[in-house]
Amino acid sequence: MALSEAAKEGVYLSRFLLELGFPSADIPTLATDNTGARDLAYNPEHHERVKHIERRHFYIRELVEDHQLVVPYVATIDNMADFFTKPLAAAAFYSMRNRIMNVPPR
């Protein structure tokens, strides 16, 4: 669900910038740490386990097939969004904080 909504926003912003005269040379990238969601975006097969997913959630797969979106995997430890959304252990918190604030390693 979250990946689908983020994809809609990304495509909207990409098209909006194009209309303003700022074409992008790169395909928009939407990284995720959810391997299941990423696999569904790249695997065109229909599985029994995903039969409950509504048609609108296959939007990401269509964007990937049309080369309008790239969905790379990002490891949980490298996912910057986790800093803002999940409680982290002290070591992981300080490491992520230093990366976000560009603090050089000691």
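## Second Largest Pocket

Thirteen residues, given as 13 in the count, line the second largest pocket, and Ser-14, Arg-15, Ser-24, Pro-28 and Gln-68 lie nearest its centre. The space within this pocket comes to about 220 Å³. By residue type, its lining consists of seven nonpolar, four polar and two charged residues.

## Overall Architecture

The structure is a predicted model. The protein chain holds five helices and zero strands, and its elements follow the order α-α-α-α-α from the N terminus.

Of the 106 residues in the protein chain, 20% are classed as buried. The chain exposes about 8,100 Å², of which carbon and sulfur atoms contribute 58%. Among contacts in the protein chain with a separation of 6 or more, 60% involve residues 24 or more positions apart.

## Salt Bridges

Side chains of opposite charge can pair when their charged atoms come close. The model contains three salt bridges.

Within helix H1 (residues 2-19), Glu-5 and Lys-8 are three residues apart, about one turn of the helix. These two residues form a salt bridge, with 3.1 Å between the closest N and O atoms. Glu-5 is partly exposed at 39% relative accessibility, and Lys-8 is partly exposed at 33%.

A salt bridge also joins Asp-78 and Arg-99, at 3.8 Å from N to O. Asp-78 belongs to the loop between helix H3 (59-65) and helix H4 (81-85), while Arg-99 belongs to helix H5 (residues 90-100), so the pair ties together parts that are 21 residues apart in sequence. Asp-82 and Lys-86 form another salt bridge, at 3.4 Å from N to O; Asp-82 is buried at 5% relative accessibility, whereas Lys-86 is partly exposed at 41%.

Methods: Residues are numbered from 1 along each chain as its sequence is written. This is a predicted model: local features need pLDDT of at least 70, side-chain atom pairs count only at pLDDT 80 or more; totals for chains, interfaces and linings use all residues. Side-chain values use heavy atoms; hydrogens and water are left out. On a 1 Å grid over the protein atoms alone, a cavity is a set of points where a 1.4 Å probe fits but cannot get out, and a pocket is an open set with protein on both sides within 12 Å along at least five of seven lines; lining residues have an atom within 4 Å of a point. Grid points are joined across faces, edges and corners, and a volume is the space filled by probe spheres set on the points. Ala, Val, Leu, Ile, Met, Phe, Trp, Tyr, Cys and Pro count as nonpolar, Asp, Glu, Lys and Arg as charged, and the others, Gly among them, as polar. Helices (H or I, at least four residues) and strands (E, at least two) are DSSP runs, numbered from the N terminus. Buried means under 20% relative accessible area, exposed over 50%, partly exposed in between (1.4 Å probe, protein chains only). Contact means heavy atoms within 4.5 Å. Accessible areas come from the Shrake-Rupley method with a 1.4 Å probe; for residues, only the protein chains shown count as cover. A salt bridge is a side-chain nitrogen of Lys or Arg within 4 Å of a carboxyl oxygen of Asp or Glu.
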